[in-house]
Amino acid sequence: MDLTFEPLGDDHLADALAFLRSANPFSQRTWGWDTGRFIDWRWGSNTLRSDDSPGFFARHGAVMRYERRIVGLVISEVGADDHCVLTALPDRSLLAAALTWLINRHDGDSLVLYPSDDAGWVHGVLTDLGFDRGEVAGLEWGYDLTTLDAAGPDPAGFVIDTLSHDRSADFAGIDQCLEGAFGGMRDRVRVLRSLETNPLFRPELNVVARHPEGRIAAYCRGTVDPDSGVCGIDPVATHPDFQGRGLGAAVVRKCFTTQRELGGTTSYIGSAPEGSPGSRLYRSLDPISVTSHSTWTRPAN
């Protein structure tokens, strides 16, 4: 196959996003990537890395073209060694060509991928190219928005709400909520402002639980692709001061309802493996599917 690989720079963004939307829901079911995941990668925290090191996205992503048409994306989400090869169909030859290019480009360094455990066609290609299967790295929970009940009443003492016009106050409160839930001193306000600039941003899909004293006790953010109906929610967080009151479930159910109103039919949420707090929450929300994603590693030569 006569493929070309081009750095995924800003001039490719519109075409790359259109490709991801056309690949929904296949790329989501295979790699856990949909338009929402791509938005997080391009307009989320990596924008800070790009500011510190210009050209970040071109170094960590590539556009695969065949006869000038995008047929896939190769993206490193977190570091230099972990990748996804996003295709629109189960094309073994295309995946093999992309992985061979990636292996040669990394010149003997280790590589890690996280495909779905249901994507057997991927596993054969990975095995042929020297990848070894490891432990389950995470779960993907799927929800049928067309059959879910509407969001219930707000938990006692809290208001389930969306972003207000005062973004500065809301983003500062969300930052505190996320820091409490996940730890780490990060510049999350800049990330939240960056996410607002993506082409599919919807403020009503940013859902918060407000305490009467004004604190943001819980938060989730959703995306929706109205053409395919594929939606995602990430992150979901409740500040430790307010955990155990049903706030995580409340903000997610509100987000589900809004996603459905905006044309969504199926929503996905990722979590750590079984037994994690997130997995217990998402199982309680009546998923229609649970897909595991395992680590596949090609050791360094």
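**Helix packing, cis prolines and positive phi**

Biologist: Where is Pro235 placed?

Modeller: Pro235 sits in strand 10 (residues 230–238). Helices (H or I, at least four residues) and strands (E, at least two) are DSSP runs, numbered from the N terminus. The model is predicted: local features need pLDDT of at least 70, side-chain atom pairs count only at pLDDT 80 or more, and totals for chains, interfaces and linings use all residues. Residues are numbered from 1 along each chain as its sequence is written, and side-chain values use heavy atoms, leaving out hydrogens and water.

Biologist: What makes the bond from Asp234 to Pro235 cis?

Modeller: Its omega is near 0°. The bond from Asn24 to Pro25 is also cis, with omega near 0°. Pro25 lies in the loop between helix 1 (13–23) and helix 2 (26–31). Most peptide bonds are trans, and most residues other than glycine have a negative phi.

Biologist: Which phi does Glu67 have?

Modeller: A positive one, about 55°, although Glu67 is not a glycine. Glu67 lies in the loop between strand 2 (61–66) and strand 3 (69–75).

Biologist: Why is Glu67 called exposed?

Modeller: Buried means under 20% relative accessible area, exposed over 50%, partly exposed in between (1.4 Å probe, protein chains only). Glu67 has 65%, so Glu67 is exposed. Asp286, at 52%, counts as exposed too. Asp286 has a positive phi of about 65° and is not a glycine. Its place is the loop between helix 11 (277–283) and strand 12 (289–298).

Biologist: Why are helix 1 and helix 3 called roughly antiparallel?

Modeller: They pack at about 155°, with axes 9 Å apart. Axes are lines fitted to C-alpha atoms, for helices over the stretch in contact, and angles run from 0 to 180 degrees between N-to-C directions. Under 35 degrees is roughly parallel, over 145 roughly antiparallel, 65 to 115 roughly perpendicular, the rest oblique. Helix 1 and helix 3 are therefore roughly antiparallel.

Biologist: Which residues make that contact?

Modeller: Contact means heavy atoms within 4.5 Å. Helix 1 gives Leu13, Ala16, Leu17, Leu20 and Arg21; helix 3 gives Thr35, Phe38, Arg42 and Trp43.

Biologist: Which residues of helix 9 are buried?

Modeller: In helix 9 (residues 188–195), they are Arg188, Val191, Leu192, Ser194 and Leu195.

Biologist: How do you know that they share the same side of helix 9?

Modeller: The arc is that of the directions from the helix axis to the C-beta atoms. These residues cover only 160° around the axis, which puts them on the same side. Their cover includes helix 3 (35–43), helix 4 (46–52), helix 8 (167–182) and strand 9 (216–224).
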